[in-house]
Amino acid sequence: YPGLVAAGGLTFRDAVAIVQKRGRYMSEAVPAGTGAVAALLGLDAEAVKEACREAESAGVVQAANFNSPGQVVIAGEKAAVERAIEIAKAKGCKKAVPLPVSVPVHTPLMQKAADRLAADLASIGWADLRMPLINNAEAKPIVKAADIQASLVRQLPSSVLWEDSVKAMVATGVKTFVEIGPGTVLTGLIRRIAPGATTLNVNDPKSLEATRAALGL
């Protein structure tokens, strides 16, 4: 959403309102405590997908975030996530890390939230982007206003293709990535996906000045 605002797709005011509603719809889509999220380390994407398919007899579970080679986050109903972890370990997963969140975002359990969000997205003003934005639900560039709305709806129940999104940006000629916000988690993932890229981050005044200097601003 910050990217959409920066690219002229919607106003900051509308973005804040939509993000607030999006968060509420997500939290209301699944009863508290019934969902689970875990990061699987050391297993390739196809093996993770297979583990999730084999665990579906226990409930809904899906690969939610393809973060980098060997790091995939799964989410879904608690029993199904736990079963998927067991299967993944049998397939060679080196480590499974339960995450301190219970909202199974980027799974089919978020379809109800996506449907509610769609109505709100249709009620605000949108504009074509001044520059393309990579849609992380499909790892493809979008520019048109109608495509933006559809993308934001798909994003909630769909997996986040972060690894493919970074590769897509590199393929278009992007050589420098700036992570804005607390921490450097995305910076670390980018270094694994695109080792030749320049990575910078901004999370306080000091790092802002360092990044500005590195960019010649």
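Figure 1. Ala 80, Val 81, Ala 84, Ile 85, Ile 87 and Ala 88 are the buried residues of helix 4 (buried: under 20% relative accessible area, with a 1.4 Å probe and protein chains only; helices: DSSP runs of H or I with at least four residues, and strands: runs of E with at least two, numbered from the N terminus). The model is predicted, and local features need pLDDT of at least 70, side-chain atom pairs count only at pLDDT 80 or more, and totals for chains, interfaces and linings use all residues. Residues are numbered from 1 along each chain as its sequence is written, and side-chain values use heavy atoms, with hydrogens and water left out. The cover over the buried residues of helix 4 includes strand 1 (35–41), helix 3 (45–54), strand 2 (61–68), strand 3 (71–77) and strand 4 (95–98). An α-helix has 3.6 residues a turn, so residues three or four places apart point the same way.

**Figure 2. Span and end of helix 4.** Gly 92, with a positive phi near 115°, follows helix 4.

**Figure 3. Packing of helix 2 against helix 5.** The axes of helix 2 (residues 12–29) and helix 5 (residues 111–121) are 9 Å apart and form an angle of about 160° (axes: lines fitted to C-alpha atoms over the stretch in contact; angles: from 0 to 180 degrees between N-to-C directions). Helix 2 and helix 5 are therefore roughly antiparallel (over 145 degrees). Residues in contact (heavy atoms within 4.5 Å) are Ile 18, Lys 21, Arg 22, Arg 24, Tyr 25, Met 26, Glu 28 and Ala 29 of helix 2, with Ala 113, Arg 116, Leu 117, Asp 120 and Leu 121 of helix 5.

**Figure 4. Packing of helix 7 against helix 8.** Helix 7 (residues 162–171) and helix 8 (residues 185–193) pack at about 65°, their axes being 10 Å apart. The two helices are therefore roughly perpendicular (65 to 115 degrees). Trp 162, Glu 163, Val 166 and Lys 167 of helix 7 meet Leu 186, Leu 189, Ile 190 and Ile 193 of helix 8.

Figure 5. Pro 157 lies in the loop between helix 6 (145–155) and helix 7 and is buried, at 12% relative accessible area. Beyond its neighbours within four places in sequence, Pro 157 contacts Gln 62, His 106, Thr 107, Pro 108, Met 110, Gln 111 and Ala 114. The C-alpha atoms of Pro 157 and Ala 64 are 8.7 Å apart, although 93 residues separate the two along the chain.

Notes: Buried means under 20% relative accessible area, exposed over 50%, partly exposed in between (1.4 Å probe, protein chains only). Angles under 35 degrees count as roughly parallel, over 145 as roughly antiparallel, 65 to 115 as roughly perpendicular and the rest as oblique.
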